[in-house]
Amino acid sequence: DETMLKSMMTHHKSGFDILPAAKSVAPIDVVTEDFVERLCERLKSSYDVVIFDMPSYWTPWFFPALQASDLIIPVVEPTVRSADCARRIV
């Protein structure tokens, strides 16, 4: 819920609220598509701008996160693999 989400945020001196990474490493496939969709809805209702730092490889929840986006800016390395990932996003 929104209260729990806000309690997990860290406020940065720049004015941004940041949802930090988990303190322990968990398998990337623990995150579900449904969870990402609900998270995007909650963040969009609470913030004017939401920025996701996405993994460099495809996961089942990658597409719903992109679908919820108004703007996508892929940051790529000058490698074939990175270019292929950017092509897939487009």
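**Questions on a predicted model**

Reply: Methionine 8 counts as partly exposed, at 42% relative accessibility, where partly exposed is the range between buried, under 20% relative accessible area, and exposed, over 50% (1.4 Å probe, protein chains only). The model is predicted, so local features need pLDDT of at least 70 and side-chain atom pairs count only at pLDDT 80 or more, while totals for chains, interfaces and linings use all residues. Residues are numbered from 1 along each chain as its sequence is written, and side-chain values use heavy atoms, with hydrogens and water left out.

Me: In which helix is methionine 8 found, and which residues is it in contact with, leaving aside its neighbours within four places in sequence?
Reply: Methionine 8 is found in helix α1, which covers residues 2–8; helices are DSSP runs of H or I with at least four residues, strands are runs of E with at least two, and both are numbered from the N terminus. Contact means heavy atoms within 4.5 Å. With neighbours within four places in sequence left aside, the contacts of methionine 8 are Ile18, Leu19 and Pro20.

Me: How far apart are the C-alpha atoms of methionine 8 and isoleucine 89?
Reply: Along the chain, methionine 8 and isoleucine 89 are 81 residues apart. For the protein, the C-alpha atoms fill a box of roughly 40 × 30 × 25 Å along the principal axes. Between the C-alpha atoms of methionine 8 and isoleucine 89, the separation is 29 Å.

Me: In what order do the elements of the protein run from the N terminus on?
Reply: The protein has four helices and two strands. Read from the N terminus on, its elements run α-β-β-α-α-α.

Me: Which residue forms a salt bridge with aspartate 34?
Reply: Side chains of opposite charge can pair when their charged atoms come close. A salt bridge is counted here when a side-chain nitrogen of Lys or Arg lies within 4 Å of a carboxyl oxygen of Asp or Glu, and the structure holds one. Its closest N and O atoms are 3.1 Å apart, and the partner of aspartate 34 is arginine 38.

Me: Why are aspartate 34 and arginine 38 separated by about one helical turn, and are they buried or exposed, or in between?
Reply: They are separated by about one helical turn because they stand four residues apart in helix α2, which covers residues 33–46. Aspartate 34 has a relative accessible area of 44% and is partly exposed. Arginine 38, with a relative accessible area of 42%, is likewise partly exposed.

Me: At what distance from the ring centre of tyrosine 47 does lysine 6 lie?
Reply: A charge sits over a ring if NZ of Lys or CZ of Arg is within 6 Å of the ring centre and within 35 degrees of the ring normal. Lysine 6 lies over the face of tyrosine 47, and its distance from the ring centre is 5.7 Å.

Me: Which residues does serine 46 touch, not counting residues up to four places away in sequence?
Reply: Serine 46 is found in helix α2, and it is partly exposed, with a relative accessible area of 23%. Beyond four places in sequence, serine 46 touches Glu2 and Lys6.

Me: Which residues does aspartate 17 touch, not counting residues up to four places away in sequence?
Reply: Aspartate 17 has its place in strand β2 and counts as partly exposed, at 33% relative accessibility. The C-alpha atoms of aspartate 17 and tyrosine 47, which are 30 residues apart along the chain, are separated by 9.1 Å. Not counting residues up to four places away, aspartate 17 touches Met9, Thr10, His11 and Tyr47.

Me: Which residues are buried in helix α4, and which are exposed on the other side?
Reply: In helix α4, residues 80–89, the buried residues are Ser82, Cys85 and Ala86. They cover an arc of only 100° around the axis, which puts them on the same side of α4; the arc is that of the directions from the helix axis to the C-beta atoms. On the other side of α4, the exposed residues are Val80, Arg81 and Arg87.
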